[in-house]
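The tour moves from the domains to an interface, and then to individual residues.

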Amino acid sequence: MISISEAISSVKTNVKPLLQSTTKKVEKAGGYELFEDIASPINMPPFRQSAMDGYALNLHDNLSYKLIGEVKAGDEYKFELKQGEAIRIFTGAAVPDSANAVMMQEKVEVDDNTISITHQVKPELNIRPLGEQVNIGDIALKKGTKLTPAAIGYLLSLGITEVSVYKKPNIAIITTGNELIAPGQELSHGKIYESNSKMLLSALYNLKFYDVTLYKVEDDYSKTVETLNTALNNNDLVLITGGISVGDYDFVGKALKELNVEELFYKVKQKPGKPLFFGKKSNTNIFALPGNPAAALSCFYVYVYIALQKMMYRNTLELSRVTATASNPFQKKGDRPQFLKGIYDNGQVEILDGQNSSMLQTFALANALVFAPEDITDIKTGDEIEVILLPN
């Protein structure tokens with residue numbers, strides 16, 4: 001059995017970035033990171049652009065100007081203004097090359113074809129210059145930039161329709177157990193509804209990992225070997241729930257050995273999630289998570305999350321940790337470090353009741369995991385404790 005810090009270090013050390021690319025339509029690339037620098041194919045803006053509704057002026061010494069026309073956003077007509085001439089212009093419209101300032105409409109008086117301004121203005125006032133955001137050929141976004149909604153909009157504004165991004169891992173989720181049936185079926189004696197696969201699937205979707213295949217295997221050794229072999233050959237990351245303990249019908253550990261999976265660690269001094277397995281075969285990473293739902297999800301956030309970030313070549317690998325003040329007392333049982341479900345709010349955290357590893361009701365309310373080290377037994381109101389913020 002190894003410590004939590006040793007287990008985290010092992011995941012960070014042994015998981016390697018995929019460093020593979022795939023091409024995505026820009027509008028479907030949200031959450032991905034750019035695989036290469038993106039050079040702008042155009043100037044942005046591609047023309048001198050009005051920042052205001054108002055009047056474009058060819059400046060002269062007088063405060064009165066002759067009004068000779070109008071330009072709306074999208075108009076292609078080009079005016080040639082002489083000194084002392086002006087045109088009506090609207091936000092986003094192209095400013096004629098012969099205009100050197102735009103005066104906002106609130107500061108202009110109009111009398112037929114003559115306008116008057118209140119004061120002299122500085123050249124280039126209220127004009128967005130050609131290439132103000134980016135010039136043609138310059139780097140618009142650097143390699144590794146995460147494509148947020150704003151980044152998507154920016155790329156589309158440059159006319160870019162496809163991008164090369166870091167490929168996300170293909171992921172398998174394998175559930176084991178004869179007692180498991182799908183929700184919606186009649187619940188006969190001795191059976192329980194299977195929730196781990198869809199729970200983990202939801203956690204992955206929440207992190208924007210969508211290439212996921214679900215497998216279900218009964219407590220049969222040969223079928224376990226066959227299913228694991230298929231998953232290992234077709235995925236970058238394999239998550240197994242259940243079957244990793246030492247019961248007579250827990251076949252996962254034995255099957256992994258037969259398939260020559262390298263064991264990097266098995267069992268972590270923690271609660272919940274002691275029977276956690278981490279291993280590798282070639283470039284495929286394998287986590288065998290406990291079957292108890294709350295334990296499986298805790299291990300996902302503490303360990304699998306790190307593996308996912310490392311595979312995506314991200315700099316920040318772990319979920320955010322903060323120091324918070326306990327808003328209620330809690331008695332920790334046992335000598336193992338524990339991850340306790342809690343509700344974090346504005347520097348304070350409430351440790352919830354119902355911390356059993358098989359119970360999801362408490363986890364459904366939580367937005368954080370409270371870390372209680374092995375040397376702490378009593379958490380008192382007002383104590384400062386470490387909190388892992390969940391990505392909910």
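The count between domain 1 and domain 4 is one salt bridge, and this interface is the first stop in what is a predicted model.

**Colour the domains.** Select and colour four groups according to the domain assignment: domain 1 (4–20 + 168–312), domain 2 (21–44 + 132–166), domain 3 (49–128) and domain 4 (321–389). In the contact, domain 1 takes part with 17 residues and domain 4 with 17 residues.

**Show the interface surface.** About 1,500 Å² is buried between domain 1 and domain 4, and carbon and sulfur atoms give 68% of that area. On the domain 1 side, select Lys 269, Lys 271 and Ala 294: these residues lose the most area to domain 4, together 37% of what that side buries.

**Display the side chains across the interface.** Which side chain does Lys 269 meet in a salt bridge? The partner is Glu 374, with an N to O distance of 3.0 Å. In general, side chains of opposite charge can pair when their charged atoms come close. Polar contacts can be drawn next: seven residue pairs are found across the interface of domain 1 and domain 4, both residues at pLDDT 80 or more.

Now select helix H1 (4–14) and helix H6 (293–311), each of which supplies at least two residues of the domain 1 side that touches domain 4. H6 gives the most to that side, with seven residues. Coloured by residue class, the domain 1 side that touches domain 4 divides into 10 nonpolar, four polar and three charged residues.

**Select residues 286–308.** An unreviewed UniProt entry places the feature "transmembrane region" at these residues. In the model, the end C-alpha atoms of 286–308 lie 12 Å apart, and the span is 70% helix and 17% strand.

**Return to the whole structure.** One to inspect is formed by the side chains of Glu 124 and Arg 48, at 3.2 Å from N to O. Glu 124 lies in the loop between strand E9 (114–117) and strand E10 (127–128), and Arg 48 in the loop between strand E2 (38–39) and strand E3 (49–50), so the pair ties together parts that are 76 residues apart in sequence.

**Inspect the backbone.** Most residues other than glycine have a negative phi, and most peptide bonds are trans. The following places depart from that pattern.

- Select Met 44 and Pro 45, which are joined by a cis peptide bond with omega of about 0°. Pro 45 is in the loop between E2 and E3.
- Select Lys 271 and Pro 272, also joined by a cis peptide bond with omega of about 0°. Pro 272 is found in the loop between strand E18 (262–266) and strand E19 (277–281).
- Select Ser 282, which has a positive phi of about 55° although it is not a glycine. Ser 282 belongs to the loop between E19 and strand E20 (284–289).

Key
Residues are numbered from 1 along each chain as its sequence is written. Side-chain values use heavy atoms; hydrogens and water are left out. Domain bounds come from an automatic or database domain assignment. Contact means heavy atoms within 4.5 Å. Buried area is the accessible area (1.4 Å probe) that two parts lose on being put together, summed over both. A salt bridge is a side-chain nitrogen of Lys or Arg within 4 Å of a carboxyl oxygen of Asp or Glu. A polar contact is a pair of N or O atoms within 3.5 Å; within protein, one must be able to donate a hydrogen and the other to accept it, and residues adjacent in sequence count only if both atoms are side-chain atoms. Helices (H or I, at least four residues) and strands (E, at least two) are DSSP runs, numbered from the N terminus. Ala, Val, Leu, Ile, Met, Phe, Trp, Tyr, Cys and Pro count as nonpolar, Asp, Glu, Lys and Arg as charged, and the others, Gly among them, as polar. UniProt positions are given in the numbering used here, feature names are shortened, and annotations may be inferred rather than shown by experiment.
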